[in-house]
Structures are given as structure tokens and as C-alpha cells.
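I opened this notebook to keep track of what I looked up, one topic at a time. I begin with a single residue and then widen the view.

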Amino acid sequence: MDSPMELFNQLKAADPFFLMAGPNVIESEEHVLRMAKHIKTIASRVGLPLIFKSSFDKANRTSSKSFRGPGLEEGLKILEKVKMMYDLPIVTDVHESSQCELVGKVADVIQIPAFLCRQTDLLVAAAKTGRIINIKKGQFCAPSVMINSAEKIRLAGNQNVMVCERGTMFGYNDLIVDPRNFEWMREANCPVVADVTHALQQPAGRKLEGGGVASGGLRELIPCIARTSVAVGVDGIFMEVHDDPLNAPVDGPTQWPLRHLEELLEELIAIARVSKGKRQFNIDLTPFRGD
């Protein structure tokens, strides 16, 4: 497996973008291994570098009754098996500083959840593992905040950092994606990733039978946000994918169906190939002297 810097350089050079994909949470070893096999096959066919994603613990749940995953120890064993069996780099998220050292022994990319994007102790602990750090922009944050969050990683001695847009709160139960953020987040001087699935969440927007609420989502708009993201010229696409999203225990409404993954990726690659989104437009403001 490549060193963190080698992998980071490969991701920065990805043409037209790299892919971070997998089921939201580890449901079982069998399910994760099966998903990794299918997603790797698809990513290889379309020619995209893949980092496989799944979480060992979904600590930030709307309800205490929600499924959280197998936990740190068992979850890392499963992710390590994915890594070894399919020769895939792994991304997973941490929620506490104490998790970082163990996670860093397995994960190639450590993800900082959006709600924790300003937590200095967590950012520093993650940075000290030497792994690539993917920081999700808080739903409550301006894009400029990510400049400071990325700098915290660098000041802790780690230059391998990425920032990720996942939507901004618009009222109580909705998120919007402002495409300007992709441009402004480049000021963090690092790769910019678009999370095209969580960006369509409707936080606490779905009432449950028997009382309580859960997060809803607008799965049908995932292609819309994904098309916009690659047209603007993001460096990476993050998306959660499931083979049976209607029965997924976590975030089912915003997981993209596995059966449609290849079709969507082919379209996104085509858009990215013709877009000049990664190049800054040279605007000439001198007076126009045309006929």
C-alpha cells in the first residue's frame, strides 16, 4: 500500500477526479466485503481512483435508538480485511481524539465529521497519525472556516489535508449546496471534495411511526448536485452507496443505489472531461474596443 504522501499525490493528480464511496456504516463483514468488491469493479471499469468508505460507529445520530455500527475494535478489523482482500485504501471517520491512533493504523484517510470541523484537539490528534485528513465543512460554517481547519492540520505537522463540502443549513430541516463554496474552499490550498449524498439530507426531517424523528433525504437530486460539482471542477466525489437503500439501517434516503453507480459515474466523467472548472477564468476588464 502506498505511503500517505504517495496516495495524496495520486489523489491530487486524479483525472478527472477521485472517488470516495461505500455504504454509510458497517452493517456486517459480509455486506461490506460484498460492497467493496462491486464498487472496486465499477471504479476500475470507469477508470477512477477509489477510496472505500464505511463507518465503524455513527456517533452523531438523530435518535439514541438509531443503528450505530459494530464499534471501533470490530469495525477496524472488518475495514482492515477489506483493505487486504481488495487492495483498497480506506476512509473512515473519527469522533474523539482517543480514536485517532488506532484508526490511523488501518485507515489511509481519516475523516473529520462536519459537526466537528473546528475541534482543534480532534484535528491535531488526527493530523499526528500522518494519514490524509478529509475535513467536512460544517453545515453551519462559511467556506472560509475551512482555511483555518486545514491550517490546524498543517501546523500539527501534516501537509496531507483535504476539505469537503456537504451542504449548508437552510432553515431547520434542509440543506443547500452553494457552488461558489467549491471555488472559495480552494483558498485552503488543498484538494476540494464534494459530498453529493449527505448534501441532500433533510436533518430530523422525517417523522417516525410511534413518535420521534429521523433524517430524511432527496435521493433523486443526487445526480443534480454531482453534475454541478464536477462541472465546477472538484478534485474528488464522496458518495454513499448501498445495494438495498430502502432497507439501509442508516441514512437510507441519501444513499445512491449500487445498480446505478456506474451509469452516474460515466456521466460525471463525461461532464468533467469537457468542463474547464479546474482552471481559473482569466477575466479581462480593460475597455472593449470592438466595432
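The model is a predicted one, in which local features need pLDDT of at least 70 and side-chain atom pairs count only at pLDDT 80 or more, while totals for chains, interfaces and linings use all residues. I also noted that residues are numbered from 1 along each chain as its sequence is written, and that side-chain values use heavy atoms, with hydrogens and water left out.

Which cysteine sulfur is closest to that of Cys117? It is the sulfur of Cys141, at 3.8 Å, which is too far for a bond, since a disulfide is counted as a pair of cysteine sulfur atoms within 2.5 Å. I then checked Cys224, which is in no disulfide either, the nearest cysteine sulfur being that of Cys164, 17 Å away. Cys224 counts as partly exposed, at 39% relative accessibility.

**Entry on Thr168.** I placed Thr168 in strand 7, which covers residues 168-169; helices (H or I, at least four residues) and strands (E, at least two) are DSSP runs, numbered from the N terminus. Thr168 counts as partly exposed, at 21% relative accessibility. Leaving aside residues up to four places away in sequence, I found that Thr168 touches Lys137, Gln139, Asp174, Leu175, Ile176 and Asn181, where contact means heavy atoms within 4.5 Å. I also looked up Pro257, 89 residues from Thr168 along the chain, and the C-alpha atoms of the two are separated by 24 Å.

**Entry on the whole protein.** I read off 9 helices and 13 strands for the secondary structure. The radius of gyration is 19 Å, close to the 19 Å that the globule rule gives for 291 residues, so the protein is as compact as a globular protein of that length; this radius is taken over C-alpha atoms, and the rule is 2.2 Å times the number of residues to the power 0.38. Along its principal axes, the C-alpha trace spans about 70 × 45 × 40 Å. Of the 291 residues, 53% count as buried. Finally, I noted that, of the contacts with a separation of 6 or more, 70% come from residues 24 or more positions apart.

Note on methods. Buried means under 20% relative accessible area, exposed over 50%, partly exposed in between (1.4 Å probe, protein chains only).
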